[in-house]
Structures are given as structure tokens and as C-alpha cells.
Amino acid sequence: MTDGKQITSIREDTAVALKEKIPNRMLYLALITAEEIMGLNGVRSILNYANLPTFIDNYPPNDLAEEHSTSNYTAILARTIDLIGERGARAIMFRGGMKAFRNMHENFPSLFNIQDVNPATSNTEDRFEEFARIYGIMVDASVPIWGDIFKYYPCEEGVALEISPCNHCRGLKTTGPICAAQTGFQFGTAQWIIGRPIEITETHCIAAGDPMSRFVMHRPSREASAQRSNGPLLTCCPRRLAAAASRARPPPAFAAPLLVWPSRPFRRGYCR
Ligand SMILES: [Zn+2]
């Protein structure tokens, strides 16, 4: 933070496809997840700085009523970036996305009441196809929550998700892709279904000047699966690789020990 001045700008826009109100449950999840990562005082600081004191020690109820503006979610992200910088915020958001998936899965299993899953599928390639199919169902289920902002399709590397306008970076302006909460959520979902990490790339980000936010979930190759026993690979689009290469090492939050999934046996069957 620089002298209390808010440096991450939030642009006004006229995004009609993105819903104006966010379900209480999404804000509640974001806040309990943030609290798990940053602690209660960390969340209080962010909320104070984001000019949202009404939520301090007073999170929205975990129901589906749409009472608060979607921009509250963006404000929390923007002020997190201000406080700890893009790189640190990206790391926290990635972990937040993973935790949000776990919290959603554990607290609201009905959201994952997906039929016709074939848990007997055993090899990684087949499991990726299963992931791609189930993730598509989850994208469809997200439309009533966020609005008609998603485009999901197969691509050369695996499957791609485009979001425009982007519910994660709406109005934000950053130097690099910032929707790490989305990549973390995808990572958590893939881990859950495939049972191992996959490579996820945010190739485009509206906050960084692209026309849409775009995420590629890579189909694991046999060789890569063998090489990569743990941890995700987060990559950038080619024009940002030079900048990324200058970073000496990944942020500590990306270190493998923090990304190890809670020790639970892989659940056979994907719903409760
Ligand atoms: Zn983005």
C-alpha cells in the first residue's frame, strides 16, 4: 500500500451480461476462504481498505439471495492486489480458488450433484475427458450465478474457457493475468476428478488488456504425467513469457507443500 492510496483502478463499464448482484453464498465463500488464508485480521484489513466495513465480522449468510453488488467481490480483489502486489495476490487467489472449490464441495455438495459420472475410468487421459465433461456441467451451472459470460470449448491443448466480461477481473487493470482464483478453482476441480494436477494457463486476461479472459486446461500427456508428480504449472501466454522468465522463483505460496491436497483418499464417485 502506498500512503493509503488505492492504486489498483476499477473502471466503470457497462457489462450487461455479467449479473449486477452476486448470490450471498459466493461472497460468503470468498470471505471464509480469504479468512482461512489471511486470517481474521487480514480479512478485516482488506474489508476496511475496500470500504466494505459492513462485512467486517458480519459475512453475508450462505444462502442464494442476491443482495450485494458483484462489484463488492471485485473491490475485495482490487484491494488485495493493492496491499500485497500482483504477484502475491495471484498466489493467494490461486490458493483461494483451490480452497473455494474444496469449501463448495464440502459445504454445498448439492452444487456438485452431477449424474452419470463414471468413476471406474482409470487412466489419466480418460479421466481428463471426464473432467472436461463435468467441468462443462459446472460452467452451465454457473450461468444463473454470474450471467451468460462463459464460452467453453475443446482446443488443441485440452479444453478452454473464455469469460467476457470476466467475473474475476471486471474493471481491474493489471500488468499480468490476474484471474488466479479461477485457475485455482479449475486446478482443484481437476485434482478432484483426475486425482492429479494438470497444467492450467490463463492465456488472456481482460485486466491485462486482452478482449477476454481465457483459460486453457491442458490434457496431461503420458510423459508429462510421469515427470510431474506434484504441483501445478502456471504458465503465461508467449508475449508474457519474457517477463515471467525474469522472476527468479515462484512465490512461496506456490511451493509444493502448500499445494498438497488435504490427505483424504480419492473419493470414488463424484457426488455425495
Ligand atoms: Zn483475467
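**Exercise 1. How many helices and strands does the secondary structure of the protein come to?**

Welcome! Residues are numbered from 1 along each chain as its sequence is written. The model is predicted, so local features need pLDDT of at least 70 and side-chain atom pairs count only at pLDDT 80 or more, while totals for chains, interfaces and linings use all residues.

Step 1. Know the terms: helices (H or I, at least four residues) and strands (E, at least two) are DSSP runs, numbered from the N terminus.

Step 2. The count comes to 7 helices and 7 strands.

Step 3. Along the sequence they follow the pattern β-α-β-α-α-β-β-α-β-β-α-β-α-α.

**Exercise 2. Is Leu 18 buried or exposed, or in between?**

Step 1. Find the residue: Leu 18 lies in the segment before strand 1 (21–23).

Step 2. Learn the rule: a residue is buried if 20 or more other C-beta atoms lie within 10 Å of its own, exposed if 12 or fewer, and partly exposed in between, with C-beta atoms placed from the backbone.

Step 3. Leu 18 has 19 other C-beta atoms within 10 Å, so it is partly exposed.

Step 4. Now look at its partners, where contact means C-beta atoms, placed from the backbone, within 7 Å. Leaving aside residues up to four places away in sequence, Leu 18 touches several residues, including Thr 70, Trp 146 and Pro 165.

**Exercise 3. Which residues have the most contacts inside the largest nonpolar core?**

Step 1. A nonpolar core is a set of buried Ala, Val, Leu, Ile, Met, Phe, Trp, Tyr and Cys residues joined through C-beta atoms within 7 Å.

Step 2. The largest such core has 57 residues, and Ala 30, Cys 169 and Ile 178 have the most contacts inside it.

Step 3. Elements that each supply at least two residues of this core include helix 1 (24–49), helix 2 (70–107) and strand 4 (158–163). Helix 2 gives the largest share, 16 residues.

**Exercise 4. Why does the span of helix 3 agree with its 23 residues?**

Step 1. The expected span is 1.5 Å times one less than the number of residues.

Step 2. For the 23 residues of helix 3 this should be 33 Å, and the end C-alpha atoms are 31 Å apart, which agrees.

Step 3. Buried residues of helix 3 include Phe 128, Phe 131 and Trp 146. Strand 4 and helix 4 are among what covers its buried residues.

Step 4. After helix 3 comes Gly 147, with a positive phi near 115°.

Terms used
Contact = placed C-beta atoms within 7 Å.
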